Amino acid sequence: KLMEKLNRIPIFFSSDNNYAPYLTVAIASIKEFSSKGNFYDIIVLSENFSQENKNNIEKLECENLKITFYNISEKLDGIKNDLAVTLRDYYTVSIFYRMFIAEVFSNLDKALYIDADIVLNTDIAKLYFTDIGDNFVGAVSDQVVNTNEIFIKYTTEVIGINKGEYFNSGVL
């Protein structure tokens with residue numbers, strides 16, 4: 001009942017068991033700065049997330065914050081090996097989970113995606129209610145990638161895009 005009266009803010013994370021501690025901190029920071037006028041609907045895209053980690057993270061739920069785990073495994077069947085080819089040594093396939101949000105959650109008009117290792121210091125609702133006009137995605141250019149020779153080479157030669165077109169996909 002309460003959710004129906006509040007502004008619903010869908011927030012997606014991608015995570016695996018290795019990032020569970022960071023995800024816990026990220027969600028705790030959302031909770032810390034949450035507003036009573038909003039309902040924070042957190043959806044964690046994952047594969048084989050342990051029940052222990054789920055239980056620990058779900059302890060953060062409260063009246064206006066719900067956490068749901070969505071197993072994205074079936075969406076990756078058949079393409080997982082192809083995705084792994086383009087990964088740098090410190091990335092896992094979980095970075096690609098966000099690519100399926102629009103398809104799997106097509107009922108949503110708008111949503112946020114946040115990397116699991118981000119800590120917020122203000123109400124995330126401010127970002128959600130930012131007007132992005134007719135754009136499909138709100139993002140910012142990744143200045144580290146655009147100025148670091150190693151990342152520029154990765155962007156142009158492995159991913160195949162111009163360095164100026166690369167954006168930070170950790171906050172969308």
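Serine 29 is found in helix 2, where helices are DSSP runs of H or I with at least four residues, strands are runs of E with at least two, and both are numbered from the N terminus. This is a predicted model, in which local features need pLDDT of at least 70 and side-chain atom pairs count only at pLDDT 80 or more, while totals for chains, interfaces and linings use all residues. Residues are numbered from 1 along each chain as its sequence is written, and side-chain values use heavy atoms, with hydrogens and water left out.

**Overall composition**

- The chain has nine helices and six strands.
- Of its 172 residues, 38% count as buried, a class that means under 20% relative accessible area, with exposed over 50% and partly exposed in between (1.4 Å probe, protein chains only).
- Among contacts (heavy atoms within 4.5 Å) between residues at least 6 apart in sequence, 76% join residues at least 24 apart.

- Four strands form an open sheet in the order 3-2-1-4, with parallel pairing; two strands pair if DSSP finds at least two bridges between them.
- Strand 3 (65-71) and strand 4 (112-113) are the edge strands, each with a single partner, so one side of each has no neighbour in the sheet.
- Strand 1 and strand 2 (residues 38-46) run parallel and are joined by eight bridges.
- Asparagine 7 stands opposite asparagine 38 in strand 2.
- Strand 1 is largely enclosed by the rest of the structure, because six of its eight residues are buried.

- Helix 2 lies across strand 1, strand 2 and strand 3, and runs at about 165 degrees to strand 1; axes are lines fitted to C-alpha atoms, for helices over the stretch in contact, and angles run from 0 to 180 degrees between N-to-C directions.
- Serine 29 counts as buried, because its relative accessibility is 7%.
- Not counting residues up to four places away in sequence, serine 29 touches Ile118, Val119 and Leu120.
- Asparagine 18 is placed in the loop between strand 1 (7-14) and helix 2 (20-32).
- With 60% relative accessibility, asparagine 18 counts as exposed.
- The C-alpha atoms of asparagine 18 and phenylalanine 49 are separated by 9.4 Å, and the two residues are 31 residues apart along the chain.

**Salt bridge**

- A search of the whole structure finds one salt bridge, defined as a side-chain nitrogen of Lys or Arg within 4 Å of a carboxyl oxygen of Asp or Glu.
- Arginine 8 forms a salt bridge with aspartate 41, and their closest N and O atoms are 2.4 Å apart.
- This pair links distant parts of the chain, with arginine 8 in strand 1 and aspartate 41 in strand 2, 33 residues apart.
- Arginine 8 counts as partly exposed at 31% relative accessibility, whereas aspartate 41 is buried, with a relative accessible area of 7%.

**Nonpolar surface patch**

- Phe136, Val137 and Phe167 make a nonpolar surface patch of about 380 Å².
- Patches are made of residues with over 30% relative accessible area and no salt bridge; like charges are joined within 9 Å, and nonpolar side chains (Val, Leu, Ile, Met, Phe, Trp, Tyr) within 5 Å.
- Phenylalanine 167 is placed in strand 6 (residues 167-168), and at 40% relative accessibility phenylalanine 167 counts as partly exposed.

Key:
Accessible areas come from the Shrake-Rupley method with a 1.4 Å probe; for residues, only the protein chains shown count as cover.
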